Every structure is written in structure tokens, then in C-alpha cells.
Amino acid sequence: MSATQIIELGPMMGSSAIQQLSSLNQNLSQRRQNNSSLLQTENVMYSLESDPDAFPDGGIDAYQVLLGSFCGLIVDFGIPNAMGAIQTYVSTHQLSQYKLSTVNWVFSLHLAIMYLGGVVFGGFFDKFGAKRLLIAATVCIFLGLMATAELEELWQFLLSFSILTAFGSSLAMSPLMGVLSHWFLKKRGMALSMASAGSLVGSTIFALALPKLYLQLGFKWALRILAFICLTSMAISILLIKERPGFNPNAKAERDEEEIQIQSDNFRAENHKNAENILSVEVSEEDTAAEKKKSFFDFVNFKLFLDTKFVVICLATFANEVNSLTVLTYLASFALSFGVPEKKAYLLLTVINLSGIPSRVVTGFLADRYGRFNVMLAGNVLQTICIWAILLPANSLLPLLYTFTVMYGCMNASLISLIASCLGQICPATQFGKYYGMLYFLLAFLVILGMYIGSLVINAGTKHDYYNWIIFEGVLSTAGLLLWLWARWCVVGFRWCKF
């Protein structure tokens, strides 16, 4: 009953009855507002998509694309994550006459170029799809690895591995992750996490196989075999990955062009003057040409850096990525400095990689059920506790070190795999490639800076230096937790909801 109806019935009712009805009306209105707010909160995960029900979220075609992305990521992130096996060999053989810092710089450039290319290729994927980029990436990666097998000079390794191979990885990065956002929405966390497990599979296989191949067949054949494995895996990815039927990332632009054309046709029908007809056609053609020109050159969008949500996610990702890279880089040397045997020290890295494979799969399901940002926050809490409570007092105690590697491997792998899912929460699927590319474009600079700071913390590699390194890792992890909390607040505040 509305307030107007209550006033009209006033003469026939007592004042107490009117007050009760008015109170009831207010309670009903408040309940409707609460229900509406709850519904909006529940749907906020999918609010950026114009038609959330149009995403298949399963079926043969969708899971075929998922498998293709998994195979591609075996190569795309498997090579940079395992390039230490290549770097270690060439630094003591082909490039032994150079300082280790010089050789390290050449291989660090690989990661920078891989990330930098996303600034263009992410937008290119949004515009033209995945196939063209994946074919070009396959050619670059295969030729780059085959050339790396034959080379002896520093500048040759720079061109073949650090530039050509990295350029191929950069071409493939956005389409391999972005195409899943076209097929999955409510199960996107599961899809991206399962696909990203391919990077751990690739890095583990490559890191274990290459040293054995060096001894049995030599460096050249080891790299050739790696090149053909990558060619096969990328070929499978190209065959399996396809665009979703009916999904057109440029639908809005096409609708705008259609509206311009309709308006022009109506104008010509109402006005039979030739001069006006010619003018309207010229205006329509100019608008269409301007729209096409804009869509062609609009691959790079630095305006994203004015979006607080996006910038905070970039900083949070920076904290997680640098934390992951510095732990993988220095954990073995930390153990060696405290007297852990060499084989057991390097085994810690294998344990971290293997622990992350099942963790990524499970995390994806949890993220879809309870919210991607929520699971990201929970993972950051556990990772931070793991560093402060287990790694800090570990020293040379192997039980604590193995406990840390298993727990950290599970937590860190899940966090890295959720980055793309969380990014998809602040942009529509039609723009995911551009957002993803701009994210890693910024990370290309931030990660190099973070790695440099990590090397300064390690300094001479004394026990005191490694104690400072643990503090550094703990601070990074804590910062990542606070930044992800800030990113979530930028969208939904501190309300408890599925997000």
C-alpha cells in the first residue's frame, strides 16, 4: 500500500492503524531496496557484459579452445620460465668469455620484449582474433630457437633468442589468454587457471629435459628438439583455437556505421535535391573512414592508466610477479648459503613448480564459486603467512624448507593464474586483449626494476643478506595483499559479496 493510499483512507482509520500501515510500507520499501542491492552485488561479476547468457561456458568447442590454449602456454610461458637451463649452459660454454652479468642481461631482455609487445598485440587480438597472431608467433619461436642452436657470439644470441624468440612469445601471449574470455564467463576462472597450468608443465619438462639432452646429444640438438616440440605444441594450439560463433568484438562499431547509413538513407529519401544527396554521402563516407581509421590505430590506449582500478591491479600484479620471480631466482642459492646440499637445494625449485600444477586447477573452480578477487585475497593472506612464519625461521632446516616450497608453490601458482581472471572483472571480453597487453607492457618496466632491487638486497650473498631477502619477500607479499584489497574496494567497496 502506497503512502497516497494511506492518506486517502485516513478518515476511515484510527491514527494508530495509519502509523502501523505507514511503518509496514517503509519496511516493504526498505526490503525491496535491500533485495535490489543484493541482486546487483551478485551480478556485479558479470555486469560489464551486454549478454552474459551468450557465453557457452562449456561444450565441446569451448573445451577444445581451452585445450588449445593449454598447449600454446606450454611454449609461450614455458620457455621464459625454463630459460635458466639455456642461460646456465651458454654462460659456461659459448659465452664463457663474457661476464655473467652481461649474459644475464641478454636473457633478461627476453622477458622485457615478451611483455612490451603486449601494448600492441593485445589490441590487435581484440580487432582481428587469435589465428593470425598464433601463426606468426609459431614461426618466430621456431626460427628463433633453431637459430639459437647454431650461434656462438653474444650479439647472435641477442638477436635470435632475446629478440626473435621473445617477439614470438609476445605475439602469442594475449590471444592464448584472451580467447578464453570469449568462450567462458561464469567458468572463466576455471578455464584460465587450467590453461595457465600449461606454463608450469612446459617449464618443468624443459628444465628437466634440457640438461640431460646436453649430455646425451649436445647443445645444438637439444635446442633443435626443443624447437620441434614447440612447433608441434603451437601447431596443435592453432588447430584447436577458434573464434566463438556470433562473437564480434567490433559489433558496436559496425552498429554505429549501420546507424549512420540508415540516417543518410532517410535524409536522401526526404530531400530530393542532388546537392544534398551528394553532401550526405560524402559525410557518411568520411564518418565511416574516420571510424575505421580510429579502430585500426586504437590498439594502444594509455588512457587506461587514468583508471584507478586498472592501475592498482597493475601494482598488485607487480608485487606478485616480482615476489614469484625473486623466490624462484634466489631460493636455491639461499639454501646453499645455509649448507643445504646442492642437489637438495635445486630440488626445491622443482617442488615449487610441481606443487603449482594441481593448485592452479583447484583455484580456478574456487574462484568461480566464491569470487575471483575473494580467492585472490585469501591466497595472498596464506602466501604472506607462509613467508613470515615458515621461510623466515627455516635457515637450513630441510623439513621447513620443503614445507615452504610446497605451500608457497601452491599459493603463488594460484595467484599468478588468477591475475587474468581478476583483470576480466573490470573490462568486457571485447577489450580483454587490450587490457591484458597494457598490463604486461607496464610490468615490463616494473619487473625489471623489482628484479634489480632484489639483486641489491642479495648483495654479496651472505647469511645476513639472505635474511634481508626474506624480509624483502615478506614485504612484497604483504604489499600485494593490501593492493588487491584496494583493487577490490575500488569496485565493490568492503561489502562481502561474490566478486
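# Briefing: a predicted helical chain

Of the 499 residues of the chain, 50% count as buried, where buried means under 20% relative accessible area, exposed over 50%, and partly exposed in between (1.4 Å probe, protein chains only). This is a predicted model, in which local features need pLDDT of at least 70 and side-chain atom pairs count only at pLDDT 80 or more, while totals for chains, interfaces and linings use all residues. Residues are numbered from 1 along each chain as its sequence is written, and side-chain values use heavy atoms, with hydrogens and water left out.

**The chain as a whole**

- The chain has 18 helices and zero strands; helices (H or I, at least four residues) and strands (E, at least two) are DSSP runs, numbered from the N terminus.
- Among the contacts in the chain with a separation of 6 or more, 82% join residues 24 or more positions apart, a contact being defined as heavy atoms within 4.5 Å.

**The salt bridge between Asp 61 and Lys 242**

- The structure holds five salt bridges; a salt bridge is a side-chain nitrogen of Lys or Arg within 4 Å of a carboxyl oxygen of Asp or Glu.
- One of them joins the side chains of Asp 61 and Lys 242, at 3.1 Å from N to O. Asp 61 lies in helix H3 (residues 60–76) and Lys 242 in the loop between helix H10 (219–240) and helix H11 (251–270), so the pair ties together parts that are 181 residues apart in sequence.
- Both partners are partly exposed: Asp 61 has a relative accessible area of 32%, and Lys 242 has one of 30%.

**The network around Glu 150**

- Glu 150, Lys 220 and Arg 224 are linked in a network of salt bridges.
- The side chains of Glu 150 and Lys 220 meet in a salt bridge of 3.9 Å, N to O. This pair links distant parts of the chain, with Glu 150 in helix H7 (residues 131–150) and Lys 220 in helix H10, 70 residues apart.
- Arg 224 also forms a salt bridge with Glu 150, and their closest N and O atoms are 2.5 Å apart. Since Arg 224 lies in helix H10 and Glu 150 in helix H7, the pair ties together parts that are 74 residues apart in sequence.
- Glu 150 is partly exposed, at 38% relative accessible area, and Lys 220 is partly exposed at 37%, whereas Arg 224 counts as buried at 17%.

**Packing of helices H15 and H16**

- Helix H15 (residues 372–391) packs against helix H16 (residues 398–423) at an angle of about 155°, with their axes 9 Å apart. That angle makes H15 roughly antiparallel to H16.
- Axes are lines fitted to C-alpha atoms, for helices over the stretch in contact, and angles run from 0 to 180 degrees between N-to-C directions. Angles under 35 degrees count as roughly parallel, over 145 as roughly antiparallel, 65 to 115 as roughly perpendicular and the rest as oblique.

**The surroundings of Gln 87**

- Gln 87 belongs to helix H4 (residues 78–92) and is buried, with a relative accessible area of 19%.
- Apart from its neighbours within four places in sequence, Gln 87 is in contact with Val 103, Asn 104 and Phe 107.
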